[in-house]
Amino acid sequence: MARIKTGIRWGLAVLLWSIVGLCLTVTVAPHFLDRIYYRGPVSGHFDGAHFFNPDGDDDRLVTHGPRSRTRMIAAQVFGDATRPNWPERVAVSPSRPPARVEGARMLVTWIGHASVLIQTSGINILTDPVWGERAGPFGIGPRRVAEPGVRFDDLPPIDLVVVSHNHYDHMELATLKRLWDRDRPRIVTSLGNDSVIAQAGVPSVALDWGQRLRLRPGIDVAVTRNHHWGSRWFADRNRALWSSFVVRLPGGNIFFAGDTGLGDGKWPAEAAALGPIRFAALPIGAFRFEEGQMAIGSHIGPRDAIRVWDGLGRPFALPIHWGTFRLSREGYATPPRMLRGMLACAGSDPSRFRAVPVGQQVEVPLAGQPPVANMGAIDACVQAGRFDALR
């Protein structure tokens with residue numbers, strides 16, 4: 001009996017100290033994981049400690065329901081039988097880009113997710129380069145279903161890299177380190193992200209919205225507004241800024257949206273005010289976390305991507321941010337199918353905003369004057385249930 005009582009007391013003691021340890025972890029860990037990436041003056045999107053969207057923050061994960069943080073993490077780790085099936089692997093035929101593309105010719109290759117190689121005017125540009133197998137820390141996170149569209153060793157010399165924010169599916173330190181060691185490219189990002197990139201021993205230039213950096217005569221890169229958030233550990237939320245980019249070129253500007261929700265929808269016109277956009281890389285996926293959703297606060301779907309495209313002046317555009325890492329619950333091919341159907345509803349030329357396979361090279365025509373997209377017609381098609389079968 002005495003042994004039983006002693007065992008009970010030891011068990012209760014272990015339980016008590018386990019609870020105390022858990023409480024200490026919950027209390028201390030967030031502060032330990034928090035990081036101060038940037039110090040600077042208060043602005044219209046920085047309160048002295050954290051950045052924010054001036055058009056309102058509507059993208060925070062809730063504590064319960066389908067969009068709760070716990071449910072989203074559990075779905076990534078253990079799977080979700082209610083989600084549409086995705087392929088385990090998608091066949092990719094990697095391309096071998098030329099070393100340089102001179103003059104006004106523009107060649108674009110989709111590497112996968114938000115990674116795009118853009119070649120024009122003798123300059124090679126990479127957006128949000130990620131070559132890793134998983135989008136997450138410590139080798140965990142969503143696994144790549146499509147291999148990179150260009151093998152790393154087949155990349156031409158890279159002159160400019162733009163990094164939109166610090167989420168793992170957009171900022172991969174290992175890839176940035178490989179690029180820096182090989183090519184010494186100019187890496188441009190938004191405020192605070194240079195601190196994160198420096199953890200890999202890689203220098204970068206961090207700019208605020210509205211600032212720009214000259215690369216060479218006639219070519220500069222501007223950091224522009226979009227609508228998102230940033231974090232590496234949850235606890236360091238919005239310590240670094242998120243952005244889109246405009247690369248100004250003699251043959252027509254390039255716009256890279258980064259990762260974004262629609263917000264007030266005014267920021268595409270702000271980017272277009274820097275000069276006519278010839279080419280745009282626009283996200284269309286990871287927009288559905290509940291059945292029937294067409295967008296969330298931090299991610300546009302095809303309908304809002306068309307709104308962004310319209311606000312930019314309807315340039316030649318490449319749909320990105322779909323079909324590489326599974327981040328949400330829409331089907332694998334739902335984003336491009338929905339985009340194609342919505343462009344048909346709008347009476348727009350689908351060839352100017354058309355999904356292509358990972359690795360395919362695309363020739364970008366000189367800027368033209370395409371017709372305006374009829375957003376009212378798209379909304380009517382949505383309300384009529386034209387896209388309900390696309391999960």
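Me: Which side chains of strand 13 point to one face and are buried?
Reply: Val362 and Val364 in strand 13 (residues 361-364). Buried means under 20% relative accessible area, exposed over 50%, and partly exposed in between, with a 1.4 Å probe and protein chains only. Strands (E, at least two residues) and helices (H or I, at least four) are DSSP runs, numbered from the N terminus.

Me: Where does the model come from, and how are residues numbered?
Reply: The model is predicted; local features need pLDDT of at least 70, side-chain atom pairs count only at pLDDT 80 or more, and totals for chains, interfaces and linings use all residues. Residues are numbered from 1 along each chain as its sequence is written, and side-chain values use heavy atoms, with hydrogens and water left out.

Me: Back to strand 13. In what sense does strand 1 pair with strand 13?
Reply: Antiparallel, over four bridges; strand 1 covers residues 106-112. Two strands pair if DSSP finds at least two bridges between them. Val108 stands opposite Val362 in strand 13.

Me: What is the strand order in the open sheet of seven strands?
Reply: The order is 6-5-4-3-2-1-13, with mixed pairing. Strand 6 (205-207) and strand 13 are the edge strands, and each pairs on one side only. The twist averages 20° from one strand to the next.

Me: How many bridges do strand 3 and strand 4 pair over?
Reply: Three, in the parallel sense. Strand 3 is residues 123-127 and strand 4 is residues 160-163. Leu126 stands opposite Val161 in strand 4.

Me: And what about the open sheet of six strands, what is its order?
Reply: It runs 7-8-9-10-11-12, and the pairing is mixed. Strand 7 (212-216) and strand 12 (316-320) stand at the edges with a single partner strand each, so one side of each has no neighbour in the sheet. Neighbouring strands here are turned by 15° against each other on average, direction ignored.

Me: Which residue stands opposite Phe245?
Reply: Phe256 in strand 10. Strand 9 (residues 244-248) and strand 10 (residues 253-256) run antiparallel, joined by three bridges.

Me: New topic: helices. At what angle do the axes of helix 7 and helix 8 cross?
Reply: Roughly 125°, and the axes come within 7 Å. Helix 7 is residues 334-346 and helix 8 is residues 375-383. Axes are lines fitted to C-alpha atoms, for helices over the stretch in contact, and angles run from 0 to 180 degrees between N-to-C directions.

Me: Are the two helices parallel or oblique to each other?
Reply: Helix 7 and helix 8 are oblique. Under 35 degrees is roughly parallel, over 145 roughly antiparallel, 65 to 115 roughly perpendicular, and the rest oblique.

Me: Now the rings. How many aromatic pairs are there?
Reply: Eleven. Rings of Phe, Tyr and Trp (its six-membered ring) pair if their centres lie within 6.5 Å; planes under 30 degrees apart are stacked, over 60 edge-to-face, and the rest tilted. Tyr38 and Phe51 have ring centres 5.5 Å apart and planes at 35°, so that pair is tilted. Tyr38 and Phe51 are both buried.

Me: Which residues form one aromatic cluster?
Reply: Trp86, Trp110, Trp322 and Tyr332.
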